[in-house]
Structures are given as C-alpha cells and as structure tokens.
Amino acid sequence: MRIFKFLLSLALTLIIVYALNTPSTATGEFLPAIGKLINPFTGFWQNAEHTGKPKKDNNQLDTKATVKVIYDDRFIPHIFAQNDRDAMYMQGYLLAKHRLWQMDFSTRAASGRLSEILGKRTLEYDRQKLRKGMLFAAKNALKEWEKDEKHFELLEAYAAGANAYIKALQPKDYPIEFKLLGYEPEEWTPLKTAIFIKSMAESLCARENDLEATNALKVLGKETFDFLFPEHFEGESPIIPPSVKYDFQTKIKKEKIQLPIGSIDYPLLPKQHPHNGSNNWAVTASKTANGNPILCGDPHLNLSLPSIWFEMQIHTPEYNVYGVTLPGMPGIIIGFNEHIAWSMTNVAHDVMDWYTIKWADASKQTYIIDGQDKKVNEVIEKIKVRGGETVVDTVKYTEWGPIVYTSNKDGYEDMALRWIAHDVVSLGEVAVFSKLNKAKNYDDYVDALEAYIAPAQNFAFASKDDDIALRVNGFLPIKRSQQGRFVQDGSQSKNAWQGFIPKSQIPAVKNPPRGFVASANQRSTTPNYPYYYNAANFEEYRGRILNRELSKMENITIQDMMDLQNSNYDLKAEEALPMLLWQLRTDILTEEEEKYLTTLKLWDYNYERGERAAVLFSIWYKKFYELTWDEIYAIKVPTLFPKSRRTINLLEEDPKHKFFDVLKTERVETAMEVVTLAFKLMVKEARKLQDKEGELLDWGTYKSSTIRHLARLEPFSRNIYSNGTYSALNAHSKTHGPSWKMIVEFGEEVNAWVTYPGGTSGNPGSPYYDNFIENWNEGKYYKARFFKNASDLKDKVMRIQAF
C-alpha cells in the first residue's frame with residue numbers, strides 16, 4: 001500500500017510538473033507555462049533588483065578600444081568611446097541591457113509578428129500591419145541604407161552590441177515579460193531598426209481622414225461641407241511667422257482635382273491618437289535675463305512603461321552629445337551637444353492618401369491606369385500563430401502602394417495606400433541623426449536634415465552662436481488644391497503627387513525679428529505659402545497660446561521656461577466658456593445649478609488637478625458639442641466632425657444657425673436652448689461624480705491618467721493624479737502627454753534641465769523603472785550631468801565600468 005501511495009504521488013507530481021511547464025491552448029488562446037514563471041532559479045524572482053550601485057558587468061565585448069560607461073547618480077549611462085563605431089556598439093549593448101523586451105515587442109508589433117507570441121487574438125492586428133506595408137517599407141529602407149557604407153557600419157555596430165548582450169543572457173536573466181509570455185529573445189538586426197523607424201512613422205505621419213471627408217462631402221453637399229470644414233480660421237498663429245516671404249516660383253499643375261461623388265462604408269483602420277503632438281521653441285539671447293539663447297522641447301506621445309525614451313550621453317573624440325534616444329535607434333534623437341541643441345514636434349501634414357483601384361480582370365491580377373493594364377506585384381506574407389496554424393495572406397502592390405481595403409460587395413472598390421513611409425532615399429534616418437549629433441552650427445544643422453524623410457518634424461534649433469531656427473522638415477508632397485482631402489481615382493495618373501517640395505522651399509525661418517521660433521503642431525504657414533498642403537488635424541490652441549506668451553516675455557529665465565512647459569492654461573476654455581455663459585438662460589436655473597454656475601464663473605481656465613470647474617466645463621462643452629452636431633452623429637457611414645473652433649465661432653457669430661436645432665424634438669432650437677439643455681445635462685452627470693462627502697470629483701481624479709505598460713499589464717502600469725489637458729501646453733490627457741521635457745541654455749557652459757515619466761531600466765522589478773515619474777508629474781526637473789570627459793566625474797557617479 002505504501003508503494004502504491006508513493007507511485008500515485010509520484011505520478012501526480014509528474015503530471016503537475018508537466019502541466020506547469022507545458023504551454024496550454026485549451027481555451028483557444030495561448031497560455032504560457034506558469035511553472036517556468038514561478039521557478040525560484042529561473043523565474044520572476046530573479047528579476048528583483050536592489051537599490052544602490054548597479055552590478056558590475058563581466059561580459060567580454062568586441063570593441064576596438066577601451067570604452068568606459070559611467071552611471072551617474074540618477075542611473076543615467078554616459079558612454080566614453082574612442083571612436084564612433086565603439087560608441088554605437090556600446091549604445092546597442094546598453095539599450096539591450098536595459099530595454100531588451102521593449103525593443104523586441106515594439107518591433108514585433110510594427111512588423112505583424114505579435115501572433116507568434118500572443119496567439120490568434122492578435123491575428124487581425126498583424127494582418128493590418130502587413131497589408132499596410134510596414135515590413136515592406138522597412139525592407140526597402142534597409143536596401144537603400146546599405147548603399148551608405150559609412151553609416152550602415154554604425155547601424156551594424158549597434159546591432160552587434162545589442163547581440164553581445166543577448167547572446168550572454170541566461171534564461172534566469174530574461175526580462176520578466178519574456179517569462180510571463182513564455183518566449184525567448186531573438187537576434188537584433190538592422191532590419192529591426194528600420195521596422196522601428198517605420199513604426200514611428202505610423203504613429204506620427206499616418207493621420208488622414210480621406211474616407212470620412214469623402215462621406216461627409218457626399219452626405220452634406222459641397223456648400224455645407226466647405227462651411228463646416230474650412231482649412232483656415234481667422235486668427236491663426238502659424239509656425240513660420242507671417243513676416244517670412246516666399247520669393248520662389250512653383251510648377252504645380254493647375255487643373256482642379258475631380259471631387260468624389262460616392263460614399264464609402266468601409267470600417268476605418270485603427271487611427272493614431274489625435275493627442276500625439278509636441279511643443280518646442282527657442283529664444284534668442286536678447287530675450288533672456290542671462291543673455292543666453294535657450295531651447296525648449298517636450299514631445300507629447302503615448303505615455304508608456306518602459307518609457308519610450310532612454311536618456312544618455314555619448315562622448316567620442318569627435319563629438320559630445322546628450323539627450324534621449326529611442327530603444328532600437330542609434331544616436332541621440334532629441335538633445336544637445338557643446339555647440340547646438342534641437343528638439344522636434346510633429347508636422348502633421350497629410351502624407352497618406354487613398355486611391356480606388358479599377359480592375360482589368362475578375363481575378364484582380366491586373367488594374368488600369370490611364371487606360372493601360374498594369375500587373376499587381378503579389379507578396380506572400382506568412383503569419384505564424386502560436387498554438388495554431390500559420391496563416392498565409394497575399395498582399396497586392398500597385399504603383400500607388402499596397403491594396404489595404406478589399407471587398408467582394410457590389411459597389412465597393414478596392415483601395416490602395418499611397419504613404420510617404422514607403423519612400424526611401426540612400427541616406428536614411430540613421431545618417432541624419434548621426435550628422436545632427438556632430439553638428440556645430442546652423443549650416444551643419446541644415447545639412448544634416450537634408451535627407452530626412454519621415455515622419456516630417458518641426459526641428460527647432462539653437463546654437464552657442466546665438467542662432468535660432470526652425471524647419472518644417474521632411475519629404476512633403478506637392479499636391480494640387482484639395483488633393484489628398486478625399487479618396488481619389490486611382491485609374492488616372494494625374495491624381496498622383498507631383499513630386500516633393502524642394503528642401504530649399506520648405507517652410508523655414510532663421511533668426512526672426514520677434515526673437516523666438518516655436519511650434520505646437522499647428523498649421524505651418526499663412527495661406528500665402530505657394531504650395532498647398534492639408535492635414536487630418538492641425539492643433540487649434542497650443543500654437544496660439546505658445547506664440548502669445550513668448551511674444552509678451554522678456555528677461556526670460558530658466559524658471560520661466562519651466563513654468564511655460566508646465567502651463568495648464570487652456571485657450572479653448574478661454575474662448576468657449578464666455579460664449580456658453582453668454583447663451584445660458586440663468587433665469588430657469590435651480591439652486592443646485594446656480595452653485596455650479598458660480599464655480600464656472602470663478603474659474604481661471606487652468607486645468608489644475610484639484611480644480612472642479614475644469615470637470616464641469618469639460619462635461620458641459622461635450623454635451624453642447626453633441627447636441628449641436630447631432631445631424632453629423634446621425635450619419636450612418638464614417639464621417640468628419642467639425643473642429644472646436646468651427647463650433648465656438650458658430651456659437652459666437654450665428655446663434656440661430658440651423659445646426660443648433662435638435663433633431664429629435666419638434667420645436668426649432670437656437671443656441672440658447674442647446675446651451676441651457678447641455679448645462680442641465682452637465683449637472684445631471686455631475687451628481688454621479690461625487691465623492692463620499694458629496695463633493696464633485698476634481699480634475700485629476702476625473703481624468704484618471706495612467707502610464708500603461710506596453711503589454712497592458714496592470715501591475716507594471718502606474719496611475720497618475722495629474723494636471724493638464726490635451727489643449728494646454730501641459731498636454732497631459734488620460735494616456736498621452738509630455739514624454740520628455742528638456743531646457744537647454746548656452747552660456748559659457750552648456751546647461752540643461754530634463755525630466756521624463758519613467759526611468760532608465762525596463763525591468764518593473766528595478767528601482768530605476770519609474771523613479772522619475774513623481775518629479776515629472778510635479779513639474780520638477782533634474783540638472784543633466786553633461787560630462788566634458790571621463791575624468792570630469794566629481795561626486796555624482798554610481799559606477800564606472802570599463803570594457
């Protein structure tokens with residue numbers, strides 16, 4: 001009996017061990033083996049890190065000369081190399097060491113490979129990435145990059161450094177996400193860098209609303225469409241000052257585009273978040289208290305953990321640069337050296353257009369352009385599905401680009417995608433930032449940006465020479481008026497872009513008389529710019545308030561710049577709230593409603609986290625917007641919605657306009673009835689937003705901001721009680737906001753103040769995973785440790801490691 005019990009216990013133990021260490025697909029979804037995760041020798045226990053000095057690294061690295069890595073008191077690495085190749089090698093090594101899973105996951109997501117690790121739940125996501133041509137674009141870019149031997153060698157060195165770390169890893173040392181998801185790291189390649197760059201293009205220059213605009217034009221008619229969706233508003237404050245003159249001639253074809261006449265009921269592809277944007281500016285020495293030029297920048301992106309940015313310094317005998325990089329990209333992307341500083345904001349021009357395809361045969365192997373048959377190029381894409389079979393998808397490429405939308409329904413046309421990210425030049429983004437890192441003056445800055453393609457960025461610049469400048473930089477397509485606003489006929493070559501705006505004619509300004517340059521994703525120029533361009537969404541408020549504040553400022557200090565970056569003042573509220581109060585019928589308000597009205601009247605338009613009026617205004621405006629544009633919400637196909645400025649201007653200029661009539665009522669309403677009804681609906685909703693003491697929730701609680709882990713793992717995410725809103729300079733919404741803040745002053749020495757919501761480490765078990773979040777959220781900055789050389793250490797160092 002004793003032997004039987006022993007054998008039974010052994011059998012059960014073996015079954016449990018097998019179950020714990022065997023992945024499961026019983027639910028139809030892949031589930032990793034939990035036994036490996038909880039193994040005390042190789043599982044998550046090994047990912048816990050202690051505070052104090054980082055561990056010594058004993059790996060043998062393939063550098064040509066000795067390289068020193070210094071971690072300062074904030075755990076920021078500083079690379080001191082004897083040559084550029086070793087610097088990039090060590091950068092790749094350090095990024096893999098601290099952010100390996102982030103590098104792996106982000107490139108898998110961009111290239112349509114998530115199903116390999118997550119199973120069938122991400123199959124449609126992967127299919128969309130491949131049909132959009134993400135991998136196609138990256139492979140094309142890589143072929144061109146290889147022709148630039150000098151800079152491609154740096155890219156290979158970066159990959160070699162990353163792989164030196166990966167190859168030295170033991171399973172117990174894998175980042176915890178690999179253990180949770182049950183897969184292993186793989187080799188890093190230059191192709192993955194190309195994929196990552198294309199993922200940034202998708203995030204920042206894949207904004208379009210061609211389908212929605214086409215449908216709106218069909219349903220509303222041209223007159224109403226033009227009224228609701230003007231391309232310009234009075235009082236715009238563009239990036240390039242109106243004082244800039246354009247003394248060149250263009251050769252744009254003048255014939256008008258043919259406006260579409262049909263509607264399109266395709267489900268929309270996932271859209272990039274509308275709050276991805278940024279602020280940057282530079283002020284000349286004459287406007288500052290210390291007589292030094294200052295540059296400021298804060299890119300607004302999806303806030304994630306690990307942080308999208310990695311802070312570091314790279315020093316060689318040729319250059320000394322500090323700032324942030326993106327895990328997977330060589331060099332410093334936003335930063336400064338001993339001579340210049342630069343920062344970027346998104347340009348927002350529409351560089352993604354849709355074309356209908358006219359097929360020449362039922363098999364859809366041949367299509368027609370200008371009456372001529374053209375063969376499609378078929379690319380077979382294989383999607384490996386963990387726990388399932390490999391899925392094969394055929395993507396058809398045309399002269400426009402890949403066919404993304406397909407349908408077998410009568411009256412539906414397949415549509416191809418023309419996107420700037422598919423274009424390549426031999427001198428790629430890697431070379432651009434390599435040259436920018438080494439730039440010493442304005443001419444070097446312009447030269448470095450010459451071959452920059454996408455995503456187009458507003459590059460703000462300041463130098464020790466007291467030059468300031470800003471270039472709307474990238475490959476900007478030459479379009480006819482209205483071209484790209486709507487879905488276009490792909491059977492006619494005349495609907496193609498006419499090339500790209502010459503770099504000598506892109507919007508740019510150097511040392512303007514007003515003493516500053518600035519951008520916040522608003523329109524690039526005044527309407528007198530000779531080239532037409534459009535956008536899915538130019539920012540309406542931050543650019544105007546930024547230019548307004550900088551115009552007033554003199555004797556500027558670093559603290560002034562910090563206060564401006566952290567400003568919670570909302571120009572939208574400044575313009576909208578007085579108009580709403582003007583139309584509100586106060587004679588029919590209850591005592592409770594009058595209390596809320598008083599709160600709103602006393603508000604100073606700042607979205608402070610403890611503010612309750614901000615909650616009331618946000619709800620009131622949303623209810624008013626929905627009631628005003630109920631006719632638009634009633635449209636059954638994807639469509640455009642009027643911008644806030646159109647809405648507020650209509651309220652101010654024509655409060656009896658027909659659009660204020662509410663569809664579901666028999667009477668004809670004016671703005672006054674709509675504003676009052678929206679106010680009462682606001683009060684009704686506010687009653688549901690009270691704490692235990694009966695007080696209305698404040699803005700920080702109502703907004704409920706979060707910094708989410710890349711894999712949406714809640715224990716690795718952080719909830720934030722924060723100030724700001726998307727239309728304030730501190731554009732911190734629920735999940736998006738300032739991902740890096742930098743202020744650089746050029747005096748006798750270069751000084752910089754920085755902060756960002758994260759930390760150096762990508763390991764949730766590390767004290768350096770999220771240690772900067774609290775100061776960042778409080779608007780506090782760190783003084784950057786910009787060492788002149790490896791011996792300039794003083795007492796601000798945690799560890800020095802020589803390789």
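**A short tour of this model**

Hello everyone, let's begin at Lys364, which is found in the loop between strand 10 (352–356) and strand 11 (366–369). Please keep in mind from the start that this is a predicted model. For background, most residues other than glycine have a negative phi, and most peptide bonds are trans.

Let's look at another residue of this kind. Tyr605 also has a positive phi, near 70°, and is likewise a residue other than glycine. You will find Tyr605 in the loop between helix 17 (591–601) and helix 18. Is Tyr605 buried or exposed? Tyr605 has a relative accessible area of 18%, so this residue is buried, given that buried means under 20%.

Staying with the backbone, let's turn to peptide bonds. The bond from Leu305 to Pro306 is cis, with omega near -5°. Pro306 belongs to the loop between strand 5 (304–305) and strand 6 (310–315). Ala454 and Pro455 are also joined by a cis peptide bond, and there omega is about 0°. Pro455 sits in the loop between helix 13 (442–449) and strand 17 (457–463).

Helix 13 brings us to helix packing. The axes of helix 12 (residues 429–438) and helix 13 come within 8 Å of one another, and they cross at roughly 175°. Helix 12 is therefore roughly antiparallel to helix 13, as angles over 145 degrees count that way. Which residues make the contact? From helix 12 we have Val432, Lys435 and Leu436, and from helix 13 come Tyr445, Asp447, Ala448 and Leu449. Sorted by class, the contact between helix 12 and helix 13 has five nonpolar residues, two charged ones and no polar ones.

On the helix 14 side, Arg544, Ile545 and Arg548 take part, and they meet Leu571, Glu574 and Glu575 of helix 16. By class, this contact of helix 14 with helix 16 has four charged residues, two nonpolar and no polar.

How many of its 10 residues are buried? Eight are, which leaves helix 20 mostly covered. The buried residues are Ser644, Arg645, Arg646, Thr647, Ile648, Asn649, Leu650 and Leu651. And what do they pack against? Their partners are helix 11 (222–228), helix 14, helix 16, helix 18 (613–628) and helix 21 (671–686).

The charged end of Arg646 sits over the ring of Phe227, 4.5 Å from its centre. There is another charge over a ring elsewhere: Lys396 lies over the face of Trp359, at 5.4 Å from the ring centre.

Speaking of rings, the structure holds 46 aromatic pairs. One of these is formed by Tyr633 and Phe641, whose ring centres are 4.6 Å apart and whose planes are at 50°, so this pair is tilted. Tyr633 is partly exposed, with a relative accessible area of 43%, and Phe641 is partly exposed too, at 34%.

Next, a quick stop at helix 18, where Lys623 has its place. Leaving out residues up to four places away in sequence, Lys623 touches Ala678, Leu681 and Glu685. The C-alpha atoms of Lys623 and Phe679 are separated by 7.8 Å, while the two residues are 56 residues apart along the chain.

Our last stop is Asn763, in the loop between strand 26 (750–755) and helix 23 (773–777). Asn763 counts as buried, at 13% relative accessibility.

Notes. Residues numbered from 1 in each chain as written. Predicted model: local features only at pLDDT ≥ 70, side-chain atom pairs only at ≥ 80, totals over all residues. Heavy atoms only, no water. Contact = heavy atoms within 4.5 Å. Helix = DSSP H or I, 4+ residues; strand = E, 2+ residues; numbered from the N terminus. Nonpolar A, V, L, I, M, F, W, Y, C, P; charged D, E, K, R; others polar. Buried < 20%, exposed > 50% of the residue type's maximum accessible area, 1.4 Å probe, protein only. Phe/Tyr/Trp six-rings, centres within 6.5 Å; stacked < 30°, edge-to-face > 60°. Lys NZ or Arg CZ within 6 Å of the ring centre and 35° of its normal. Axes fitted to C-alpha atoms, helices over the stretch in contact; angles between N-to-C directions. Parallel < 35°, antiparallel > 145°, perpendicular 65-115°, else oblique.
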